[in-house]
Amino acid sequence: MANPWTEGFLEGLRPEEALTVSEWADRYRKLSSKASAEPGPWRTSRTPYLQEPMDCLSTRSTVQRVVMQFAAQTGKTEAGSNWLGYVIDHAPGPMLCVQPTIEMAKRLSKQRLESMISETPCLADKIAPARSRDSGNTMFSKEFSGGIMLLAGANSATGLRSAPCRYLFCDEIDAFPSDVDGEGDPVALAERRTTTFARRKILLTSTPTVKDFSRIEAEYLRSDQRRFYVPCPSCGVMDWLKWPQLKWEDRRPETARYECEHCGERFEELHKPRMLGAGEWRATAPFDGKTAGFHLSGLYSPLGWCGWDQLVEDFLRAKADAPALKAFVNTRLAETWAEDYAAAVNADGLMAKRLAYEPGTCPEGVVLLTAGVDVQDNRLAVSVWGWGEGETGWLVWHQELMGDPTQVEVWGQLDQVLATAWPTAGGHELKIAQMAIDTGGHCTHEVYRYVRERLAQGVVAIKGSNRRNSPAVGKGSKVDVNWRGKTIKKGVTLYLLGTDTIKTTLFGRLRHNDGGGSLNFGMAADEDYFKQLTSEKQALRYHRGFPIREWVKKAGDRNEALDCAVYGYAALLLFSRRLNPGTMWEQLRKQLEEGKKAPLRSRKKPPAAASSFVSNW
């Protein structure tokens, strides 16, 4: 009878089977219907471009760091999952898996890891079920023979410095915070956990974001910058696929064809399987012996996933809206977004694009009015904006109401604006549905008093916040309290605005100023107005070594017109919370056509021009 101790000793002496990650995945990996659109055995041949990045993570490879700047729906997350399974089953050791947040780490554990472990027998044999007694399988920890896998969020410094690890997987690193708990860059913190291991492996993946701020782009540029070269079906020349070479006719996505740069022939997507099968990665920069970088756009997505016609459709839908176009460039093309549009927007260019409609009237398409009010020490600057389908905007009226905001007279003028009935091109009338007033000046309490008495008329208090990556409009918080310090039930709610976020959206739409989401101006908007509207630009500064892009005002320029536009757009976002976003514009259009509007409070015209700046109005 064999001695189990002897068998165990001899098993430990046996060298590991020479498997790569891709070979392990082809042999053992099973895709679950819970986490994959194509359940069943894994096939690397379905996505040939994943083989080399995965194999660089194998124990036999000398590469230490793998960088994957990939588009969405190209399989980079599944490649990472294959590596996790390979480590558990074939090359055990301590591993740290980092997601942008704790919640995303929890989602990865539930949706991907649990299903991968349960569907792949060789992994299920090594990790006990999560519900078993004394199980080493918890939400954020997976124990297995010879190793442990810890899951952490990049927003927690504690999780990033918890234990040393041989393997490190940082997923979607462009979504990581720039600084975590005051201890520095989370990627750098995590990588320090691997320094004691000579045969360490690090995988960094992400779709990119903004140029000069994208972690994955910076890591890729420090690598050997590999591109996936495929043969042209016509001439056979090897090249990597580029977005400008995808051609189509008359805004019809179904006509999408790729044009070879060398022979000029155009070919359909049905050639893609053969092209991918014959493709190869080629480095375009020197290899430092440690870091291999891979870039792949959505043009390579296998048949049945995201086709060329879908890419064209997404582009045509997004090209007139900067935020949507940014998402397309980031997620579909895996390229960084160059935020140079603020520099491309200037007063002269906007003056040349003015439309012929009268001030104080609502052009065709306007179904909703909002107003933004900027409070200065001696005046109120007011912009009335009309909105239509797709958040297309028209400046209906702009005015400066001169007067001391600590006195009642100037607020009486604002009441006239609020009470005005604004005629539409279709012969109807609209009132201001939402008015947002800034409270960040020296007259905060006067603004609160005005808002408090007009809550039922759609007047709200707002305050700008320059905190980076803030939502355009926050949830709102009560600011009115009684002498006991308790919140007044019908008191003022203050909404914090992500002014940088809104300015980025508005300047993007000013640059791509056609189609849905465009911003339009009548002939009454003069050069001074546009100088104020374009008075700010984005500047790059560094904080603790990290680049930060922020909006700054040009020296000596006034920016009330820009502030009013920001507040008017914020008022639109606040109003839209009341309605179903899918049917909002259709509902408003029907209400206008059917005359279903609140009783007009006054048919007075808005106050007359109060300064030379708005004399055209």
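Guide: Cys443 is buried, at 5% relative accessible area. Buried means under 20%, exposed over 50%, partly exposed in between, with a 1.4 Å probe on protein chains only. This is a predicted model: local features need pLDDT of at least 70, side-chain atom pairs pLDDT 80 or more, while totals for chains, interfaces and linings use all residues. Residues are numbered from 1 along each chain as its sequence is written, and side-chain values use heavy atoms, without hydrogens and water.

Visitor: New topic. How are Trp83 and Phe169 arranged as an aromatic pair?

Guide: Edge-to-face, 6.4 Å centre to centre, with 70° between the planes. Rings of Phe, Tyr and Trp (its six-membered ring) pair if their centres lie within 6.5 Å; planes under 30 degrees apart are stacked, over 60 edge-to-face, the rest tilted.

Visitor: Are those two buried or exposed?

Guide: Trp83 and Phe169 are both buried.

Visitor: What sits over the ring of Trp240?

Guide: The charged end of Arg227, 3.9 Å from the ring centre. Lys242 also lies over the face of Trp240, at 4.3 Å. The test is NZ of Lys or CZ of Arg within 6 Å of the ring centre and within 35 degrees of the ring normal.

Visitor: And which residues form the ring cluster?

Guide: Tyr49, Phe70, Phe228, Trp281, Phe294 and Tyr300, linked by ring pairs.
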